[in-house]
Amino acid sequence: TFLVIMKDAYRYKNILDDRLDAMEKNYDMFSHQVNATMIHFNSTVEKVQTDVEHQVKEVNDSVSSQNSLMAYQFAGTFAILGSLISFWHMTSHIRKLNEPIVQRKIIAIMWMIPIYSVTSWLGLVFTQTYGFLSLIKDIYEAYVIYTFLSLLIAILGRGNRDSVIELLIKHSDHLKPPLKLPFTAKQSFSSPREKANAILDQCQLFCMQFVFLRPITSVVTVIADSFNENRWELSMPQFYMMLMTNVSIFFAFTGLVRFYYAMKDELMWCNPFNKFLCIKGIVFMTFWQSVVISFIAHAIFENAEDELNPDETATEWSKEAQSFLICLEMFAFAIAHCFVFPVEEWESGYREIQQRKIKAKFGDSLALRDFVKDVKTVMKSRKTSSSR
């Protein structure tokens, strides 16, 4: 009986082992199928995710490309219109060249519009050439500032420097002497002519130094940008070139302003201040506007988490924004030039008409100036009589 029981137990054990083996095989097969299904599912999800990211990138690139194309077309339209207006204005001066010495300088100033428009549009489309195109604008900007001073001198003297000095001598009583520069001896003048000549020389020198210094700072900046574009690090040469440019511009405009205030009465008939604002406005748009845009761009992109290289992105964006805005602004300046530099200014008799208009201002038509003069005379005579 014991042997029979042991034999049955052994047989049941074998049957149980066989069933366990079958269950293990089924489990392994099921586990393998589940793993294969999960691997296939994960690969499918990854593929779908990759396709979605690719599609999103294509859409973003397409939208960005369309936006860039619209910006190119918009800026290009204003650049072409501004250039055409400027060319038409220049040909108007050429057709009526009544004062060649003066009008040649006006035409040279008006060349700023097409030069700035074309170089800015090319810098917007081909950003890799922005530095070299800016070099052209910087050099011509410095030349125009001196040309404007030369224009004022030509208006007064018609090419005769001695005539300008004679006009300065008339104001020698209230003319301040030339600015004393560091490491230079104090000047003394034996005659009003010598003083007037020194003032005119200094005004021309202040403007002329910008013509020679601006190309140097621009070339150094372009070379430094080829290694690392950064305007705000004290260790970078671009920062010091920007400071030198600021100092140079300050002296250039100091020379212009000093000459203008010395001769503003003789120049009032041709509205020199409006002409000066047009020159100053373009210089502001090209230099200070670029500084402000660069500062804003770096402030915005500095904290952007999705940007791998925020400095490079900020610099690229500021270049595009600057070029785009200049294209639009040159169109406005081209229209302004038509009113500020009219052809009729240099026709025969225009100066006399404008001078009569200046004398016949509203205050003079009411004799207010005479009334003020009489009041001063009466008050002066009363003081004299009371002192006696």
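This is a predicted model: local features need pLDDT of at least 70, side-chain atom pairs count only at pLDDT 80 or more; totals for chains, interfaces and linings use all residues.
Which residue forms a salt bridge with Lys 96?

The partner is Glu 347, and the closest N and O atoms of the two residues are 3.7 Å apart. If you look for them in the chain, you will find that this pair links distant parts of it, since Glu 347 sits in the loop between helix 10 (310–340) and helix 11 (350–359), while Lys 96 sits in the loop between helix 1 and helix 2 (100–110), 251 residues away. Glu 347 has a relative accessibility of 32% and therefore counts as partly exposed, and Lys 96, with a relative accessible area of 40%, is partly exposed as well.

That pair is one of seven salt bridges that the structure holds. Another one joins the side chains of Arg 158 and Glu 99, with a distance of 3.1 Å from N to O. Here too the pair links distant parts of the chain, with Arg 158 in the loop between helix 4 (130–157) and helix 5 (161–170) and Glu 99 in the loop between helix 1 and helix 2, 59 residues apart. Arg 158 is partly exposed, at a relative accessible area of 29%, and Glu 99 is partly exposed at 24% relative accessibility.

Now let us turn to Arg 214 and Asp 138: are these two residues buried or exposed? Arg 214 has a relative accessible area of 6% and is therefore buried, and Asp 138, at 14% relative accessibility, counts as buried too, because the cut-off for that word is under 20%. The two form a salt bridge whose closest N and O atoms are 3.1 Å apart, and it links Arg 214 in helix 6 (residues 192–225) with Asp 138 in helix 4, 76 residues apart in the chain. This pair also belongs to a network of salt bridges, in which Asp 138, Glu 141 and Arg 214 are linked.

Let me finish with the surface, where Phe 30, Val 34, Met 38, Phe 41 and Val 45 form a nonpolar patch that has about 470 Å² of accessible area together. Val 45, one of the residues in that patch, lies in helix 1, which covers residues 2–95. With a relative accessibility of 39%, Val 45 counts as partly exposed, because that term covers values between 20% and 50%.

Technical notes:
Residues are numbered from 1 along each chain as its sequence is written. Side-chain values use heavy atoms; hydrogens and water are left out. Patches are made of residues with over 30% relative accessible area and no salt bridge: like charges are joined within 9 Å, nonpolar side chains (Val, Leu, Ile, Met, Phe, Trp, Tyr) within 5 Å. Accessible areas come from the Shrake-Rupley method with a 1.4 Å probe; for residues, only the protein chains shown count as cover. A salt bridge is a side-chain nitrogen of Lys or Arg within 4 Å of a carboxyl oxygen of Asp or Glu. Helices (H or I, at least four residues) and strands (E, at least two) are DSSP runs, numbered from the N terminus. Buried means under 20% relative accessible area, exposed over 50%, partly exposed in between (1.4 Å probe, protein chains only).
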